[in-house]
Amino acid sequence: MSARIAAVVGRQIWDSRGRPTVEAEVVLENGAVGRAIAPAGASRGAHEAVDLRDGGNAFGGYGVNRAVAGIAAEIAPALLGMDGRDQAGVDAVLASLDGTPNKSRLGGNAIVAVSMAVLHAAAAYARAPLWQYLANGKSVQLPLPEIQIFGGGAHAGRRTDVQDFMVMCPNAGSFRRALEITDDVYRAAGRLMEEKGPLTGVADEGGWWPNFASNDDALDMLTRAIDASGHRAGEDVFISLDIAANELGDTNGYHLALGDHRLSSDAWADHIIKWAGQYPILSIEDPAGQDDWDMMSKVTAAIGDHVQIIGDDVLVTNAQRVKDAAARSVCNAALIKVNQVGTITEAKAALDAAAGHQWGRIVSARSGESEDVTIAHLATGWNAGQLKVGSFTRSERMAKWNEMLRIEEAMGNDAQFAGFAAFAPAIAAGRA
Ligand code: 2PG
Ligand code: MG
């Protein structure tokens, strides 16, 4: 039976924030089915693909009925009869059908759900797990997880300026062990937060709510939590930050709400460089606003030989921006979020561009998520080396970590944990 696309269905379901989102289901002629759910960001770059929302009063304006209607009226008729294994062909049709540079007409949410569902259907047709279908016979490594302990920024009412306080365990030796160590740190952090009081729950991605007087306090607490967990800071467990500085300013300077500091771009760069010397920091995402490339280059030049500097809002999973940023040594790693650009093919192109410059590659979830585990398979099958999902609580996050455990088990004796090999060569050589 053929792999031709026989049906494409969209529906409105609900995400981890209780907001509507798009689910797409694709059926091939032989009966193979693929299904995927669009995630949604809160701290978004200006150059990202745009979700189509209904607006108005219902569901806070977040409804996706128009996006779902577009799947039925335009996307399904255009894809019917195409070969479901022709991901590039399908994605090209989706992009040209939309016709806008940012997928705003049919909606990045509709397009990404369909693009990912087609990929799942093709893997089902090949009767292979998605990661294996993507690996296509090449040997791939299990990604190094980057896991949130405190969630701040736009995910926690801007309670801290820095958005994600995370940990990484590159010496863990296996994915399973990395999760076990992280669990020790997460629980130790909870105990310390409770002692300090008041413990006020969790942020959007499930990390502890950041009740701190300053960003430095949060870094101190995270370092203490690592020590209290019985693991060694800077050996077993490293700190990784997503500053998401786009939310704090840009070339004209940055505003830290904690303490009401205003800093020039240069002073903010110095501040971050100082943090990297004071704390066991291995990775820093978006130290600069999306257009402040000079500042980010300054940080990369100062510490990029031993600290991973990741572009997220700065690069928006766009292959051309990755190439431009590489030409100016803006960073040494790229965050890869399929819904930032809209299709699997375009996200893969950004990943390949980053790999071409020997950058680190981190496949990432969004702050609005669901039970969809596609990113676990992309991080593994694309041999990205790193995976960022959010915290170590709440099932929309745990679903991805648990899927990684199944993948690790399926690999059996061939399982290889990326560890320091997941970083740009200078960092890998210096730290390993
Ligand atoms: C990020 C993500 C995930 P959001 O900035 O990297 O933490 O957040 O999905 O809100 O853009
Ligand atoms: Mg980010």
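This report covers the domains, their interface, the strand pairing and some backbone features of a predicted model.

## Basis

In this predicted model, local features need pLDDT of at least 70 and side-chain atom pairs count only at pLDDT 80 or more, while totals for chains, interfaces and linings use all residues. Residues are numbered from 1 along each chain as its sequence is written, chains are lettered from A and ligands numbered from 1 in the order in which they are written, and side-chain values use heavy atoms, with hydrogens and water left out.

## Domains and interface area

The protein is divided into domain 1 (5-127) and domain 2 (144-431); the bounds come from an automatic or database domain assignment. Taken over C-alpha atoms, the centres of domain 1 and domain 2 are 27 Å apart.

In the interface, 27 residues of domain 1 are in contact with 32 residues of domain 2, where contact means heavy atoms within 4.5 Å. The two domains bury about 2,500 Å² between them, with 52% of it on carbon and sulfur atoms. Buried area is the accessible area (1.4 Å probe) that two parts lose on being put together, summed over both. Of the area that domain 1 buries against domain 2, Ser-16, Ser-43 and His-47 supply 23%, more than any other three residues.

Strand E3 (33-37), helix H2 (87-98) and helix H3 (108-125) are the elements that give two or more residues to the side of domain 1 that touches domain 2. H3 gives the most, with six residues. Helices (H or I, at least four residues) and strands (E, at least two) are DSSP runs, numbered from the N terminus.

The model has 29 salt bridges, each a side-chain nitrogen of Lys or Arg within 4 Å of a carboxyl oxygen of Asp or Glu. Three salt bridges are found across the interface of domain 1 and domain 2. Arg-17 and Asp-204 form a salt bridge, with 2.7 Å between the closest N and O atoms. This pair links distant parts of the chain, 187 residues apart: Arg-17 is in the loop between E1 and E2, and Asp-204 is in the loop between H5 and H6.

## Strand pairing

Strand E1 (residues 5-14) and strand E2 (residues 20-28) run antiparallel and are joined by nine bridges; two strands pair if DSSP finds at least two bridges between them. Val-9 stands opposite Glu-25 in E2. The hairpin of E1 and E2 has five residues between the strands, and Gly-18 there takes a positive phi near 75°.

An open sheet of three strands has the order E7-E8-E9, with antiparallel pairing. Strand E7 (249-250) and strand E9 (261-263) stand at the edges with a single partner strand each, so one side of each is left without a neighbour in the sheet. Strand E8 (residues 253-256) pairs with E9 over three bridges in the antiparallel sense, and His-255 stands opposite Arg-262 in E9.

## Backbone features

Gly-197 and Pro-198 are joined by a cis peptide bond, with omega about -15°. Pro-198 lies in the loop between helix H5 (175-196) and helix H6 (215-228).

Arg-127, a residue other than glycine, has a positive phi near 55°. Arg-127 is placed in the loop between H3 and helix H4 (130-135).
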